[in-house]
Amino acid sequence: MMFPHTITIYRYREERGRDVIERQVVDGFYRYGSKACRADGKGTTADDSVTIVSSPERAGDYGSAWTVQPLDRIVEGVGADVTSLKEINGITVLRVDENICGCPVDNITIVGK
């Protein structure tokens, strides 16, 4: 299976003075990267970026069945219902690239830390 991972996307918004956390569970992704350190010319540097790539099928229903945007939070697997983003030990979305041109390799690429 090329896209074996399920992710849970959490989005915060405020509604009438109340905090609301929206939760989307979506399958059909491939996740790579982790929290690590790498050597550079002046010692070590934290390298904790994570990239998540959707399957072509998930790219096809992006915007209608699921969405993601910068500052959303993501955990791998089926995440719990939460009432605060502080409860989520996951990545923060920094960038979303929509690579959709109607071909078999269409994907949505999510980069976060």
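## Strand β5 in the sheet

Four bridges join β5 to β8, and the two strands run antiparallel; strands are taken to pair if DSSP finds at least two bridges between them. Within this pairing, T51 stands opposite V111 in β8. With β2, β5 likewise pairs in the antiparallel sense, over four bridges, and here F29 has S54 as its bridge partner in β5.

Strand β5 is mostly covered, since five of its five residues are buried, where buried means under 20% relative accessible area, exposed means over 50% and partly exposed lies in between, with a 1.4 Å probe and protein chains only. V50, I52 and S54 point one way from the strand, whereas T51 and V53 point the other way, and all are buried. In a regular strand the side chains alternate between the two faces of the sheet.

## Basis of the model

The structure is a predicted model, in which local features need pLDDT of at least 70 and side-chain atom pairs count only at pLDDT 80 or more, while totals for chains, interfaces and linings use all residues. Residues are numbered from 1 along each chain as its sequence is written, and side-chain values use heavy atoms, with hydrogens and water left out.

## Overall fold

The protein has one helix and eight strands, both being DSSP runs numbered from the N terminus (helices H or I of at least four residues, strands E of at least two). Read along the sequence, these elements follow the pattern β-β-β-β-β-α-β-β-β. Six of the strands form a closed barrel with antiparallel pairing, in the order β1-β2-β5-β8-β7-β6. Neighbouring strands of this sheet are turned by 40° against each other on average, direction ignored; the axes are lines fitted to C-alpha atoms, for helices over the stretch in contact, and angles run from 0 to 180 degrees between N-to-C directions.

Of the 113 residues of the protein, 36% count as buried. Among contacts with a separation of 6 or more, 51% are between residues 24 or more positions apart, a contact being heavy atoms within 4.5 Å.

## Strand pairings around the barrel

Strands β1 and β2 pair in the antiparallel sense over eleven bridges, with T6 opposite D27 in β2. These two strands form a hairpin with two residues between them, and R16 in the turn has a positive phi of about 50°. Strand β1 also pairs with β6, again in the antiparallel sense, over four bridges. Strand β7 (residues 91-99) is joined to strand β8 (residues 107-112) by six bridges, the two running antiparallel, and V96 has I110 as its bridge partner in β8.

T8, found in strand β1 (residues 5-15), stands opposite V75 in β6. At 0% relative accessibility, T8 counts as buried, and its side chain reaches the backbone oxygen of G77 at 2.7 Å. Leaving aside neighbours within four places in sequence, T8 is in contact with residues including R23, V25, I74, V75 and G79.

## Aromatic cluster

A search of the whole structure finds three aromatic pairs, where rings of Phe, Tyr and Trp (its six-membered ring) pair if their centres lie within 6.5 Å, and planes under 30 degrees apart count as stacked, over 60 as edge-to-face and the rest as tilted. The rings of F29 and W66 have their centres 5.3 Å apart and their planes at 85°, so this pair is edge-to-face. Because F29 lies in strand β2 (residues 18-32) and W66 in the loop between α1 (56-60) and β6 (73-76), the pair ties together parts that are 37 residues apart in sequence. Y62 and W66 form another edge-to-face pair, at 4.7 Å centre to centre and 70° between the planes.

F29, Y62 and W66 form one aromatic cluster. Y62 is buried, with a relative accessible area of 17%, and W66 counts as buried at 2%.

## Nonpolar cores

A nonpolar core is a set of buried Ala, Val, Leu, Ile, Met, Phe, Trp, Tyr and Cys residues joined through side-chain atoms within 4.5 Å. Of the 15 residues in the largest such core, I9, I52, W66, V68, I74 and I110 touch the most other members, and β1, β2, β5 (50-54), β7 and β8 each supply at least two residues of this core. A second, separate core of five residues includes Y10, I21, V82 and I88.

Not counting residues up to four places away in sequence, W66 touches residues including I9, V26, F29, S54, I108 and I110.

Definitions and conventions:
Polar contact = N/O pair within 3.5 Å; in protein donor to acceptor, adjacent residues only side chain to side chain.
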